[in-house]
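Where does a folded protein leave empty space? Rolling a probe the size of a water molecule over the atoms shows where empty space is left.

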Amino acid sequence: MSPAVTPPARAVIPSGQPGPASAPAAPAQRDPFFDNAKYLAIVLVALGHAWEPLSHTSRAALALYMTVYTFHMPAFILISGYFSRGFDLSPAKLKRLLTGVVVPYLVFEVAYTYFQHWAEDDAPPEPISLLNPWYLNWFLAALFIWRLTTPVWKLIRWPVPVAFAVAVLAAVSPEVGGDFAMERVLQFLPFFVIGLHLRREHFELVRRRWVRIAAVPVFAAAVAVAYWLAPRLDTGWLYRSSAVQDLHEPVWTAPVMTFALFACAAVLTAGFLAWVPRRKVWFTALGAGTLYGYLLHGFLIKLSRWWEWYDAAAWVRQPVGEVVVTLIAIAGMTVLCASPVRRVFRYVVEPRMEWAFRKP
């Protein structure tokens with residue numbers, strides 16, 4: 001992505017059942033498990049982006065990068081699907097979709113473009129294009145489309161097999177193109193649809209002790225396999241943004257790689273969720289601000305490329321530099337998810353916009 005909803009900032013708020021007309025609605029209770037999972041997943045997004053320049057010169061960094069990219073967005077999309085179960089085409093849900101997804105998409109599409117005009121002096125300025133999501137905005141475009149189609153996936157009889165069929169067909173259809181990041185929308189679709197059909201007890205399955213124990217050697221093996229594959233596998237497979245023809249591979253690899261990558265992502269996602277704390281911890285509250293961290297860290301990531309921060313000193317690409325980059329990425333994402341940042345940017349990330357809607 002890298003890489004990564006209702007907007008993540010809202011995705012973990014289950015919708016409560018309405019009470020009697022005479023009683024005030026009780027505030028929805030956030031589940032610390034999902035807030036913790038969202039924060040840890042968004043940290044992995046930041047790490048993936050921070051490690052990408054290091055992966056060009058370090059096979060170990062590339063192995064970690066490939067491991068993270070195998071499951072971090074699938075995990076995020078799965079959780080987003082889970083919290084989209086209550087979506088319908090009612091005015092209240094559509095209003096939330098517009099203010100929580102469409103408005104941030106429009107604002108940051110313009111902001112990213114003008115930021116590029118300012119920061120990248122030696123490159124031609126990119127035009128504003130609402131059809132071609134700029135960098136991280138692909139996820140908001142995808143979420144908008146997934147959410148709108150939620151009633152369809154809740155209606156049809158075999159939603160998951162159909163979603164996989166769509167993903168495979170997209171992988172052999174280069175003509176799908178980049179409008180609204182449709183290749184990613186369609187190839188990541190199975191994770192969202194599966195999330196739509198999960199129940200809370202499914203997440204409880206990974207709490208078993210043997211799952212947590214098994215997750216350790218599984219992740220160790222995943223890094224080892226990624227280290228072996230590093231010079232052999234095109235990382236374009238992990239982005240789900242290209243058809244197999246664009247990757248110069250035969251058509252038969254589309255279903256093979258779709259299901260192989262899904263299996264790897266599913267196993268690693270289960271291992272990741274097994275180690276997510278179930279209780280409130282110091283970073284639980286940060287789970288409510290993951291959309292802020294996701295959208296805002298893109299400015300820093302792009303600056304690091306355009307202003308060549310990774311080439312500022314030779315030690316940056318040495319093991320000590322890789323550790324420092326990792327710590328900076330974690331700290332930076334933590335700050336961007338914190339409540340002071342959310343207060344400053346709430347008017348563009350989670351605007352209320354009551355003035356824009358008809359009163360019921």
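## Basis of the model

The model is predicted: local features need pLDDT of at least 70, side-chain atom pairs count only at pLDDT 80 or more, and totals for chains, interfaces and linings use all residues. Residues are numbered from 1 along each chain as its sequence is written, and side-chain values use heavy atoms, with hydrogens and water left out.

## The largest cavity

The largest cavity has a volume of about 150 Å³. On a 1 Å grid over the protein atoms alone, a cavity is a set of points where a 1.4 Å probe fits but cannot get out; a pocket is an open set with protein on both sides within 12 Å along at least five of seven lines; lining residues have an atom within 4 Å of a point. Grid points are joined across faces, edges and corners, and a volume is the space filled by probe spheres set on the points.

The cavity has 17 lining residues, and Gln187, Arg240, Met257, Thr258 and Leu261 lie nearest its centre. Two or more residues each come from helices H6 (159-171), H8 (189-196), H11 (236-239) and H12 (253-274). Helices (H or I, at least four residues) are DSSP runs, numbered from the N terminus. H12 gives the most, with five residues.

## The second largest pocket

The second largest pocket holds about 400 Å³ of space. Of its 17 lining residues, Trp309, Tyr310, Val325, Ile328 and Ala329 lie nearest the centre. Helix H14 (319-336) is one of the elements that supply at least two residues, and H14 has the largest share, seven residues.
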